[in-house]
Amino acid sequence: MTQIHTHYDNLKVARNAPPEIIRAAYKTLSQKFHPDRNPGNAEAARIMAIINTSYEVLSNPEKRQEHDLWVVQQERAFAQATKPNNQSRQQTPTPPSVPKASANGVIAHVLRNWHLYGIAAFFVWIWATDKPNTPPVGPKPYQANPAPVRSEYIRPSTAPNGQLWPASAGYVEGYKRLHTDGLSTVTIDNSRNDSDVFVKLVSLDSAQAYPVRQFYIPAFGSYTLNKVTAGNYDIRYRDLGNGTLSRSEVFNLEEIPTHNGTQFSNITMTLYKVSNGNMQTYGLSETEF
């Protein structure tokens, strides 16, 4: 069977790959094809766009499930289309003819016992008409007991660790501050957003992602993280106005030695989706925040 090209193929992972393998594959390919490492290379930019799209699908459990169903449907359709014609052209055997003498004997037997056959036919008719109709199989996998949908969001008065939110933009007390031995800075711009946000800077350099800075930014504010260690990160945040979760695309902080010092990253990321904004965001599940 011809292989159906999938998002798994784009990231070069198996279809049953766990999330951490998919994340690691995305990180490796991003480092290879990122526009910053391939300036002016249109082919690298095209491949990077494909990689981003595939990771957006496979990192989202619902989108990944829909993609898996699509792959199965495409493979079944291809298998049906390429099935040899001679398999569907099976000869139907012709039933042997009944000799006249035997047929006449059967008719005479039925006439003599018509009341018995009539009763049997009546019960067969009741059985056939009383069978319930079987509905067709649904178009998607079915879950009898789905997770309850949160009907109403109530803004928490404290951070998840029980500490009060800061009075202004700043770190939330009670969380460890990690990756503090670098030179790079990351500014999170929430100045176009009318909602407060709880933000996490998440490291992606290990087999499992984990937060290294956790902080609060009020509506129309911003905050700068200093002395961040070089590496791969993303930003994850909760809109405290409506409870929605989002994450940024992966970005890289670099420290490059030069003849007169060290060149380091100094980036600004805008949370709100503004025209010509510099950060694309994706939905996020509670388990990934």
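These are legends for a handful of close-ups of one predicted model.

**View 1. The whole chain, to get your bearings.** Of its 289 residues, 31% are buried. If you take contacts between residues at least 6 apart in sequence, 66% of them join residues at least 24 apart.

**View 2. Helix 3 from end to end.** Helix 3 covers residues 42-58, which makes 17 residues. From its first C-alpha to its last it reaches 25 Å, close to the 24 Å expected at 1.5 Å a residue. Look at the N-terminal end for the cap: Asn41 puts a side-chain oxygen 3.1 Å from the backbone nitrogen of Glu43.

**View 3. The buried residues of helix 3 and what they pack against.** Ala44, Met48, Ile51, Asn52, Ser54, Tyr55, Val57 and Leu58 are the buried residues here. Their packing partners include three helices, namely helix 1 (7-11), helix 2 (19-33) and helix 4 (61-81). Two strands join in as well: strand 7 (245-248) and strand 12 (281-283).

**View 4. Ala49, a partly exposed spot on helix 3.** Ala49 sits in helix 3 too, but its relative accessible area is 42%, so it goes down as partly exposed.

**View 5. Met269 in strand 11.** Now over to strand 11, residues 266-270, where you'll find Met269. Its relative accessibility is 6%, and because buried means under 20%, Met269 counts as buried. Val186 is 83 residues away from Met269 in sequence, yet their C-alphas are 7.6 Å apart in space.

**View 6. The second largest pocket.** This pocket has a volume of about 620 Å³. It is lined by 23 residues, and the closest to its centre are His34, Asp36, Val250, Phe251 and Asn252. Helix 3 turns up again here, as does strand 11: each supplies at least two residues of the lining, and so do helix 2, strand 8 (251-253) and strand 10 (261-264). Sorted by class, the lining has ten polar, nine nonpolar and four charged residues.

Definitions and conventions. Residues are numbered from 1 along each chain as its sequence is written. This is a predicted model: local features need pLDDT of at least 70, side-chain atom pairs count only at pLDDT 80 or more; totals for chains, interfaces and linings use all residues. Side-chain values use heavy atoms; hydrogens and water are left out. Helices (H or I, at least four residues) and strands (E, at least two) are DSSP runs, numbered from the N terminus. The expected span of a helix is 1.5 Å times one less than its number of residues. Buried means under 20% relative accessible area, exposed over 50%, partly exposed in between (1.4 Å probe, protein chains only). Contact means heavy atoms within 4.5 Å. A polar contact is a pair of N or O atoms within 3.5 Å; within protein, one must be able to donate a hydrogen and the other to accept it, and residues adjacent in sequence count only if both atoms are side-chain atoms. On a 1 Å grid over the protein atoms alone, a cavity is a set of points where a 1.4 Å probe fits but cannot get out, and a pocket is an open set with protein on both sides within 12 Å along at least five of seven lines; lining residues have an atom within 4 Å of a point. Grid points are joined across faces, edges and corners, and a volume is the space filled by probe spheres set on the points. Ala, Val, Leu, Ile, Met, Phe, Trp, Tyr, Cys and Pro count as nonpolar, Asp, Glu, Lys and Arg as charged, and the others, Gly among them, as polar.
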